[in-house]
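Here's a quick briefing to go with the coordinates you're about to open. Take it as a guided look at a few spots, grouped by topic.

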Amino acid sequence: MTINEVSGKQGEWEVRLRDHTPRSILDQLTYFGHIVVVPGRINPLEYGDNLLATARYVGVFRERDSKDEKILRGAGMSFWLGDEDNKGDILETPVVLTAQTFAASITALLPPGGAVTAGTLFSVAGSYDGTHKWQTPKQAIDYVCGIFSTPSIPVEWRVNGNATLDAGPITDLYRITNPQAIMVRREAGRDLRLSGLPGTMDMSVDVKDYSNRVVVLGEGEGESIVTGAASAVSTPYNDLHGNDVKFTRIVSSAATTLDNTDAVAALNLNRFANPRYNLGLRSSAYEVKGVIEVGDAIYVFDPDNGFVDAAVEQYWEGEVINPIRLRCIELLWPVRQGWTVAFRTHTGTWLDLSPYYAPESGDTTVVVGDPTQTLSGISSEPVGTRPDIPAPGADATTPNAPAFVVPFNTVAYQSDTANDIRSVIYLSWTTPTNTDASSIVDGDHYEIRYRSTHTFSYGINWAVAETFDWDQLGTWGRPLSNPAVVADEWVTAYVGWGTNELTIPELMISAEYEFQIRAVDAANPPNRSAWSASTFQTSGTDTLAPKQPAAAEVAASMTAVQVLHRLGDTTGAGDYTLARDLHHLEVHAGGPNFFAEESTLIGSMIANSGNLMGKIPVLATFQVAQTDNVWIRVIAVDSFGNKSPASEPAQSSVDLVDSAHISSITASQITAGTLMADFILGAAIKTSETGQRVELNSEGIQLFDAEGEVAVNLTADDSTPNFIGIRDGDETVAAMNADGTIAAQVGNFAQDIEIAGRSFISDYDVNRPRGLVAFGSSEFDSAQTVGSGEAALFGFRFNIEDGRMYTIETGNLQVNGNTNLDQYTIRIRGTKNPQVTTTSNLLAGCGVEIWQQNTDRPFGIVKFPFRCDSTIPESIDNFWPGTLNCLLTLQRMGGTGTARLSTGGSLYTPIAVSVNDVGPLIPNAFVLWDTDVPVDSPTDPTSSPNPEPTRRYVDYYFATWGGTYAESGAYVPQYDSEVHQGHYAAAGYGNQRGLIGFDYNKIKADLAGATIIDAKLRLHAFHWYFNAGGTAILGTHDYTDRPGTWADSRVNQNQQTQAGWPKPGTKEIIVANAWLYDFLDDTVRGIAIGPGPSTSSEYYGKFVGTGENRARLCVTYMK
Amino acid sequence: MAWGNLTFGRLALGETASVDEARNAATGSRNLKVTGREWSDLTKVFPRSHDGAVARVRRTEEDLLTSLHTFVPILFSQKSDLDGFYFVNDVNITTTEWVGEARFFDWELQLEGLGADNTIDIESKLGAAVRQNNFANTGDIWHAPSIGAYAYATGTTSPSGTVSRTSTDGTVTVYRDVPATADPLWGIAANSYLLGRSRVLVDGFERSGSNIRITPTNWEINNGLVRVTPLTSNGMLSISTWGGTAWESKAWHIARGGTTTSLGNPEAATVIRNDIERCTIRLVKTNTAGRTYVDLTLRRGSRFVEVYVQASVANTLGIYLHTVETATNVIASGYIHAAADDANGNRYIAGTSKTSTYTTNQGFSKASAIFLDAFIGHIHNGAAAATGDAAADLMEQYIGATSEMTAVVTR
């Protein structure tokens, strides 16, 4: 439910009722009843009409709508004074007020029918004279409040929830002097008597409407209009030359008497004499109505944007600030869960809608503006509507009518636009003077208007028409009609002053037009000359011959020639390109090079614009004495008898005639070289009766090998298996069987392979160890150490990749020392720096002691696992991607001798180091262990107070139930546990949807306290409407087991879409971790499929619920 | 590889080897992404006496999060070429606590470079109006930049003069009679910006955020000149002045319900403002009818703490000394002060902008009031106070203490 309250306007509200609202309630929601909103939950039946005066909001019900939910809409209580169309309890009987007080005036203007009664009418100084008729009470009360207002004390009104009207100074009606709310950018907080509104503010200040003088045009017309004016005491702004800026605003207020014009002027000056402050706040504090209501003042402090007023001092969070005081002019607020929404019917019966309304969750929007902006309705007429207002500086001179220069020029032409013959007329005229004989110095433009007189001066004579008989002329009416269906209305053209000519194209040919012209000057309002006397002009006639037509298509029988023409010309532009004034084609026959003349004419074919527009070729058969080797030419003739050049000749031949026009043939056998057809209907089409062949029949397509065995069978017959065998000689090298099994030799895939819904690349390949990254080995002994210094023996380097784990490991390293009991350390050092030295980071090491001097013992091994993870800082066990430079060293730590790494003189045990990629990153399993408590097995946390090490789990949860539901919500039992999605008209269930359930208790128990790493949903689609697959629509539900009805309130549908789902195909897709977390508080217990977001067949598909290929959730988590 | 130190405003963080730098193609701004990890002290993990270190991590997390949308000076010990002022566009923290063992958090700061200290100025946007008062006091609009500020400019009209005050951070220069419409502009080295700042200490540690966790009995605000701490007995507030080597204190009460009826120990305290130039702590006290707020504000360079008391129900509100000390009554002009120097050579002073009633040798009060504004401080060096530190000067400075917002502007 959302409520919009606007100062001085009726606002609006909307309530959405749940689908399960009882009919008994809905039937009682009568129009013009009242909706009542109260914070918190009470029983409205107990409180009754007492709620009206105390509720947060009361509105009038006047609109009902229905989609998935029932929607009620209405207006605020000021509706009862007159609605937005100024309908209402109109004051039809004049209300005459003479020297009336404010309270008496308001009381007299209340709705005569009693819809609103007087509430608290505060005292306002002054009296009022005026008459109100044909106005709504709102218009009248607005006006009276405006008259009683002063710049310092605006007077307003409001309609209360109990349909009483309060009116008076705004300081009495609203919290103006001591606002209870403050807006400070990026600060919220709350003092004892002042609440900061948290949220996002949009601030603006402008002087677009600034005026320092207002002139009011009151009642009257023309020179009798009464006026009033008010000017600002001072002007704080200067123009470029240092003068006070001057902005005078003209306000029309036709209902204002002379007594009130100055007051209205002062009132309007007050509206516009200051910068305009606008501020909008989107606040997450949904219940702001406790501290601010529409009409209340509010503090705003943002010095950077000019929202500061040195005259206002306010302490805010310990500091004194100087905020500006503005008024709330609009509130848009949602009604959230847990409020009381009641309805009072027109009979006074109370209904509790609280269980049925749909709560909203949006922000509250507070619009704050200048308090003066709330003044309205007193002077909103546009000045231009006032009769006979002389424009300032009006020009009293009027132009004379211009005179055309006659005769006009006219000519016909071939119009590319119309593909027809058209005329153009060229006009010119002389520049006029004013009626007082003065020169026109403020000319603005000319207006030329013209129209057809319906008089057509066609050049009809018998010479033109002699080639036609009456049938060929095709009409007993006007024989050569150019389109002449024209309107009687004038068409007006405008020409800028200084230009004295105009060309009017696209006119009918040989038609008479009437022309008039007048001059218009630039005065405001403009002065126009009278229209000139009419001048008549007949447009030019058609003297243009049609283009040469293309050659005809000719066929002949033994006795006649058949001529077909597609009305194209020879320009190559295609068929049907002859001009639209085409009337007919002359057909001439003769020898190979004959000239078309009267003696060669064998007939005519009617061809006109209908053929051209409808792209209908003309066809006619002419009896001629000789049909073999006859040449045909055609001549195009237009409606005015103009003839084109003859077309190129076309030759006829008898051989081609008789096989034409066979619409049906029945034969026991047809032998043909090439048989061409759009389609062939046959019981079976075979390339051979036996042996290797292809056969098409009602079952499908079969390929047989040389032995007559079926190698490929593609069929739509469900009782016959499909299979494809690919052979190399007599060896089958690849096959696809009816059960979907594919066997082949080698597969090449450009992108990826999905195995049981999992990507080979991203799910399998990336998770495997990649093995050796680097290897170093020496068959020779190392250098000998010197003293106690650390000897650098072997260097090696390798690249590491982000997101991987590695080990560096040496082989058995033999230390050959020359002094017993000396101690040595074998180390591996490493660094990302290019230079690795014996002072680089120590990665790992091991110590050995010489127990048999000058022999190849003892042995030592150095091994070091580490990771490459750029998402965390580098450390001794983590390096970022790049090259890691390492060094194998040996140092004496105790004793006196020297030593080397030995290979037994290149005989055995080489000195070797290998670096292995051991797999992708896995979480650090270490926990810090407290040594102060008894150490116990970390796998038995019950006996140890130490924390159990976090472990990584991968658990699978299979569907336990599934089902399909019709668009009506009803379960479709015939589909059992299949889960259908989308609209398929033949199914008859509308836009289908489905539910899948899991062992939610186990999921909940497993995930308690866990950190989910990822969650995947595997589904198998065994059908889509399109072979290319479809798009799955996924969501969640909270059903414990399969319900009989799908209810939207239990389903959070369309949370994720997955396009490109193959047919058939299993996909395992990653779903939001939040879905699994929601298992913990029982808001999710399973997966919802569909419905489709539209009825597009893209969404029609079927999934497996339970059984083979059943749905599965795979959750990886740490716990 | 040794880690460096990153001084992020008032916070000390570990400096990592890498930072990400980028120029925003749309705005041209220079952006910096800095990341790192703060640990509780690992050396104290074994044995487990490491609570203090864990608390440090918690404080740092909270302060870091509250730095969003502020500008801070940042100093790098290893990449000093990046030192300068930055605006904090985004803060991300991932916290891990191994209960009873250790705590650490990975942090990431998205910063917008405002400039090195030689390329920018600090603009102090001052309110134009002085405090409304009943004494026709026109006020002294004063302002104190950070210690080390240079090129202090107020437009074509300069302040009437300065007064130098010795603080724990060094000598603070306070400009007096700043033109009413001026927004002073001044330069400062990034490593000096914090000197002379107002600050809030909780449990002995300086904090840089507001609306942070705070105990009502263990906090402190000071600006190097004045320090305010709570008392649980023999006074409600200890208000001290820096004597050059030590803090010199007096105990005060907030009165409610009688001219010398102490409000008592508050139930809660809240840091509602914690800026470099000003900090405010709000004390909340339950009363038989309703509640009382006491807002304590300390500005950079100020000789006094400003007090604003709000009561939900009208009552007698006032302030008074815990230990009676002979006063000179100038309450007709809005203030009182000690008649003679104390053992440290100072004299207490307290005042208000509104007409109030003198409480002999202790303070003043207002009857049937729902609010009381006041200031409490010291006349440093008593009879030998410097010009600008005398009683009448401080009263004028209270009246002329205007709102201040600070911004970095390109030079």
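Is A:Cys846 buried or exposed? A:Cys846 is buried, since its relative accessible area is 15% and the cut-off for buried is under 20%. Keep in mind that this is a predicted model, so everything below is computed from predicted coordinates.

**Cysteines**

- A:Cys1114 is another buried one, at 2% relative accessibility.
- If you're setting up bonds, note that the structure holds zero disulfides over all chains.

**Chain A overall**

- Chain A comes with 13 helices and 70 strands.
- Of its 1119 residues, 46% are buried.
- Take the chain A contacts with a separation of 6 or more: 71% of them are between residues 24 or more positions apart.

**Aromatic pairs**

- Searching the whole structure turns up 46 aromatic pairs over all chains.
- One of them is A:Tyr210 with A:Phe247: the ring centres are 6.3 Å apart and the planes sit at 80°, so this pair counts as edge-to-face.
- A:Tyr210 is in the loop between strand 13 (200-206) and strand 14 (213-217) of chain A, while A:Phe247 is in the loop between strand 15 (227-231) and strand 16 (248-252) of chain A, so the pair ties together parts that are 37 residues apart in sequence.
- The two partners get separate burial labels: A:Tyr210 is buried at 6% relative accessible area, whereas A:Phe247 is partly exposed at 45%.
- Over in chain B, B:Phe71 and B:Phe85 make a tilted pair, with 6.3 Å centre to centre and 50° between the planes.
- B:Phe71 belongs to strand 5 (residues 71-76) of chain B and B:Phe85 to strand 6 (residues 84-98) of chain B, so this pair links parts that are 14 residues apart in sequence.
- Both B:Phe71 and B:Phe85 are buried.

**An aromatic cluster and two arginines over rings**

- One aromatic cluster in chain A is made of A:Phe404, A:Phe408, A:Trp429, A:Tyr446, A:Tyr450, A:Trp497, A:Tyr513 and A:Phe515.
- A:Arg633 lies over the face of A:Phe594, 5.3 Å from the ring centre.
- A:Arg993 lies over the face of A:Trp1046, and here the distance to the ring centre is 5.2 Å.

- A:Ser423 sits in strand 27 (residues 420-430) of chain A.
- With a relative accessible area of 0%, A:Ser423 is buried, and its side chain reaches the backbone oxygen of A:Gly540 at 2.6 Å.
- B:Ser167 is part of strand 10 (residues 161-167) of chain B, and B:Ser167 also counts as buried, at 5% relative accessibility.
- A polar atom of the B:Ser167 side chain lies 3.0 Å from the backbone nitrogen of B:Asp169.
- Leaving out residues up to four places away in sequence, B:Ser167 touches B:Ile147, B:Val172, B:Asn223, B:Gly224, B:Leu225 and B:Trp242.

- How many residues of strand 17 (residues 237-242) of chain B are buried? Six of its six residues are, which makes the strand mostly covered.
- Strand 16 (residues 226-230) of chain B pairs with strand 17 of chain B in the antiparallel sense, over five bridges.
- In that pairing, B:Val228 stands opposite B:Ile239 of strand 17 of chain B.
- Strands 16 and 17 of chain B form a hairpin with six residues between them, and B:Asn234 in the turn has a positive phi of about 55°.
- Strand 17 of chain B also runs antiparallel to strand 18 (residues 247-256) of chain B, joined by six bridges.
- Here B:Thr241 stands opposite B:Glu248 in strand 18 of chain B.
- The hairpin of strands 17 and 18 of chain B has four residues between the strands, and B:Gly244 takes a positive phi near 110°.

Terms used: Residues are numbered from 1 along each chain as its sequence is written. Chains are lettered from A and ligands numbered from 1 in the order in which they are written. Side-chain values use heavy atoms; hydrogens and water are left out. Helices (H or I, at least four residues) and strands (E, at least two) are DSSP runs, numbered from the N terminus. Buried means under 20% relative accessible area, exposed over 50%, partly exposed in between (1.4 Å probe, protein chains only). A polar contact is a pair of N or O atoms within 3.5 Å; within protein, one must be able to donate a hydrogen and the other to accept it, and residues adjacent in sequence count only if both atoms are side-chain atoms. Contact means heavy atoms within 4.5 Å. A disulfide is a pair of cysteine sulfur atoms within 2.5 Å. Rings of Phe, Tyr and Trp (its six-membered ring) pair if their centres lie within 6.5 Å; planes under 30 degrees apart count as stacked, over 60 as edge-to-face and the rest as tilted. A charge sits over a ring if NZ of Lys or CZ of Arg is within 6 Å of the ring centre and within 35 degrees of the ring normal. Two strands pair if DSSP finds at least two bridges between them.
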